[in-house]
Amino acid sequence: MAEPFKNAFDDALVERFVEQLAGPGFDADAFRAAVGELEPLSLKERVTAMADALQAALPGSFPEAVDVLRPRLPPPLPTTQEVASTFGWWPLCTFVERHGLEHPEVALPFLRRLTRTFSAEFAVRPFVVQDPVGTLAVLRGWLDDADPHVRRWISEGSRPRLPWGQRLDAVVADPGLTLPLLEALRHDPEPYVRRSVANHLGDIAKDHPDRAVDVATGWVDGCPVPSRGGSEQQALVRHGLRHLVKKGHPGALALMGFGAATVDAALTVDDQVALGGKLHLDLVLVNPTDRPQSLLVDLGIRFRGADGSLRQPKVFKWTTRELAAGATVRLSREQRLAKVTTRTHYAGVQQVVVLVNGEPVATADFELTV
């Protein structure tokens, strides 16, 4: 069994901080004492304990504390592939988030430096919440930073719905606040940065789907986006709109080259499967028209809820096909019905739905045993 990630924040890491930050203005004994006993704490509690212990070990004012810390920081990451190796410095970012809000003129440039060692995407969010217009204006001034970690931080830190991060309600309400950042970064030479732009667009799509499609259409000049390959901008748009495509949003599907489809479909599935096992599916699609059709085929499963009703489909990507006029295609797959912590499964009849270009074309039932 894998070691719990929280165990990386232990007494040895405390001593690593002491060694890195040693010198005038940093009270190592006060730092150790303020950290206290880490063993009973959760991951976030450990990070917070170390962040607040920095406050106890440094001079009283935040600007004075930053003056002590700045010349003693760990070196910036040399490449974008090494981010996972620097999680131990997370408490430095949390220190700024918790103790620097009254000094954004000091805190934001310091986060710009910190994000070159460990991503400060979570730590910048309270500053956006406190002053969306002012903070985003500061970030805009760094769009041309030579370090890709900083450029990605600008996009990732201002995402309206960053997973595990504080929601930015002002940006949720008005994506126009951050769209200028995305416009500037969408052609970034680093895939690392462009992927963040795509995820940011995906966040916008959750609250403003039509606007996200309009923005994406402008980014690819209205040309259809291939299911694989294509230009960098097409790949960015494909990733950013992937959830809208799975939900069958007509505009997103049209941008991907999938219009309304006319098909005949026959679906067969196993009668019964146990939770943790595999569901076998066989699908026949026929193009009854006199024209070729581009088909995006997805698999949806409507799991039974606690009240006995069938939930909205959980959609899984399946395949794409070009189907000639009058042609037939036979598809098969196995779908593992795994136990997951985010869903409680209930025994009984569940339903499979095949979606073609976002529309249901065939259904079949199976019994799930738990």
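Hi everyone, let's start at Arg167, which is partly exposed, with a relative accessible area of 41%. By partly exposed I mean between the two cut-offs, buried being under 20% relative accessible area and exposed over 50%, with a 1.4 Å probe and protein chains only. Its partner in a salt bridge is Asp169, and the closest N and O atoms of the pair are 2.7 Å apart. Asp169 is partly exposed too, at a relative accessible area of 46%.

A quick word on the source: this is a predicted model, where local features need pLDDT of at least 70 and side-chain atom pairs count only at pLDDT 80 or more, while totals for chains, interfaces and linings use all residues. Residues are numbered from 1 along each chain as its sequence is written, and side-chain values use heavy atoms, with hydrogens and water left out.

Glu121 and Arg152 form a salt bridge, with 3.0 Å between the closest N and O atoms. This pair links distant parts of the chain, 31 residues apart: Glu121 sits in the loop between helix 6 (104-114) and helix 7 (125-130), and Arg152 in helix 9 (residues 148-157). Helices here are DSSP runs of H or I, at least four residues, numbered from the N terminus. Both Glu121 and Arg152 are buried.

Glu156 and Arg159 also meet in a salt bridge, at 3.0 Å from N to O, and both of these residues are buried.

Terms used. Salt bridge = Lys/Arg side-chain N within 4 Å of Asp/Glu carboxyl O. Helix = DSSP H or I, 4+ residues; strand = E, 2+ residues; numbered from the N terminus.
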